[in-house]
Amino acid sequence: MPTVTISGRALHYEERGSGTPLLLLHGFPFSAESYWPQLDAPPKGVRLIVPDHRGFGQSAPVPGVSTMEALADDALALLDALAIPQAVVGGVSMGGYVAIALTRRDPGRVKALLLIDTQASADDEAGKARREQVAKDVEANGVGPLAESMLPKLLSPNTAPEVKARVDAMMRRQSPQAVAAASRGMATRTDGKDILSRFGGPCLVVVGELDVITPVEKAKALAGIVPQAQLAIVPGAGHLPNLEAPRAFEKATGAFLSAL
Ligand code: MLT
């Protein structure tokens, strides 16, 4: 189980393949496991690195709110520990928020961006209040009720039952404290449009055709912000196209990654 120690606490990560480093950051409320098809068959010519955010999966918790900046700093510390000066940085949904925060923190470390079912906007006041409610509910009742309410929105009706079951089980395994801390962290995130509009590297925006959380319209808006962005729509998939349609996801990202 590979880990690095950051400020005295363990950050777990998975690593596969060799070639161009690709740091993939997971969404909410998941773990590195949410990239299981990519970890099982990493893209050709890619060194895939997938951390568990603080408190999630096998990474140690850290007290306080898990801001997107804090998660980005963890990811940068992981790159430092692995002596990787520059990586393709990608993420699904909350992982995308962290990728944008990392780009703000240290744009020189980002060779290219892979933004999957995510958005650049911050939460509005109602959204922030919902995040606080989620945090309180999870602290009071555990992750089960959140998993139950999220599952139908995360995955398209086409999703294989075994994928649905694994996503559900993965969410239920996460620590309520880590989930609450990340929910509060997402509420504090800043709008990323300014940093993305200045990003000079290649960028691929990927979205599941049937995503109801960050729909195709949001992906088009996101791609419109980044000067070199391309947009890829994964047919028939929802919010987690890398799990729902891994072959189509691979097709959507393959040419972009091999061109880097
Ligand atoms: C995620 O999948 O990471 C979440 O849907 C992000 C969010 O709640 O904004």
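Predicted model: local features only at pLDDT ≥ 70, side-chain atom pairs only at ≥ 80, totals over all residues.
**Notebook: salt bridges, core and pockets**

I started with charged pairs and found that the structure holds 19 salt bridges.

**Entry 1: glutamate 33 and arginine 166**

I looked up glutamate 33, and its side chain meets that of arginine 166 in a salt bridge, at 2.8 Å from N to O. Next I checked how open they are. Glutamate 33 has 21% relative accessibility and counts as partly exposed. Arginine 166 is at 34% and also counts as partly exposed.

**Entry 2: aspartate 73 and arginine 105**

Here the closest N and O atoms of arginine 105 and aspartate 73 are 2.8 Å apart, and the two form a salt bridge. Arginine 105 lies in helix 3 (residues 94-105) and aspartate 73 in helix 2 (residues 68-81), so this pair ties together parts that are 32 residues apart in sequence. For arginine 105 I read a relative accessible area of 45%, which is partly exposed. Aspartate 73, at 32% relative accessibility, is partly exposed too.

**Entry 3: aspartate 80 and arginine 109**

I then picked the salt bridge between the side chains of aspartate 80 and arginine 109, at 2.9 Å from N to O. Aspartate 80 is in helix 2 and arginine 109 in the loop between helix 3 and strand 6 (110-116), so parts that lie 29 residues apart in sequence are tied together. Is arginine 109 buried or exposed? Its relative accessibility is 13%, so I put it down as buried, the cut-off being under 20%. Aspartate 80 has a relative accessible area of 48% and is partly exposed.

I also noted a network: salt bridges that share partners join Glu132, Lys136, Glu139 and Arg184.

**Entry 4: the nonpolar core**

On to the inside. In soluble globular proteins, nonpolar side chains tend to be buried together. The largest nonpolar core here has 85 residues. Which of them have the most contacts inside it? I wrote down Leu23, Val89, Leu113, Val167 and Leu196. I followed up on valine 167: leaving out residues up to four places away in sequence, it touches Phe30, Trp36, Leu151, Leu154, Leu155, Leu240 and Leu243.

**Entry 5: the largest pocket**

The largest pocket has about 690 Å³ of space. I found 26 residues lining it, with Tyr97, Arg130, Arg131, Met150 and Ile213 nearest its centre. Helix 3, helix 4 (125-141), helix 5 (144-154) and helix 7 (176-187) are the elements that give two or more residues to this lining. Helix 5 gives the most, with 5 residues. By class, I have 12 nonpolar, 7 polar and 7 charged residues in the lining of this pocket.

**Entry 6: the second largest pocket**

My last stop was the second largest pocket, with about 250 Å³ of space. It is lined by 17 residues, and Pro42, Pro43, Lys44, Glu250 and Thr253 are the closest to its centre. Which element gives the most to its lining? That is helix 11, with 8 residues. Strand 3, helix 1 and helix 11 (246-258) each supply at least two. I sorted the lining of this pocket into 10 nonpolar, 4 polar and 3 charged residues.

Technical notes:
Residues numbered from 1 in each chain as written. Heavy atoms only, no water. Salt bridge = Lys/Arg side-chain N within 4 Å of Asp/Glu carboxyl O. Buried < 20%, exposed > 50% of the residue type's maximum accessible area, 1.4 Å probe, protein only. Helix = DSSP H or I, 4+ residues; strand = E, 2+ residues; numbered from the N terminus. Core = buried A, V, L, I, M, F, W, Y, C linked by side-chain atoms within 4.5 Å. Contact = heavy atoms within 4.5 Å. 1 Å grid on protein atoms, 1.4 Å probe; cavity = no way out; pocket = protein on both sides within 12 Å on 5 of 7 lines; lining within 4 Å. Points joined across faces, edges and corners; volume = space filled by probe spheres on them. Nonpolar A, V, L, I, M, F, W, Y, C, P; charged D, E, K, R; others polar.
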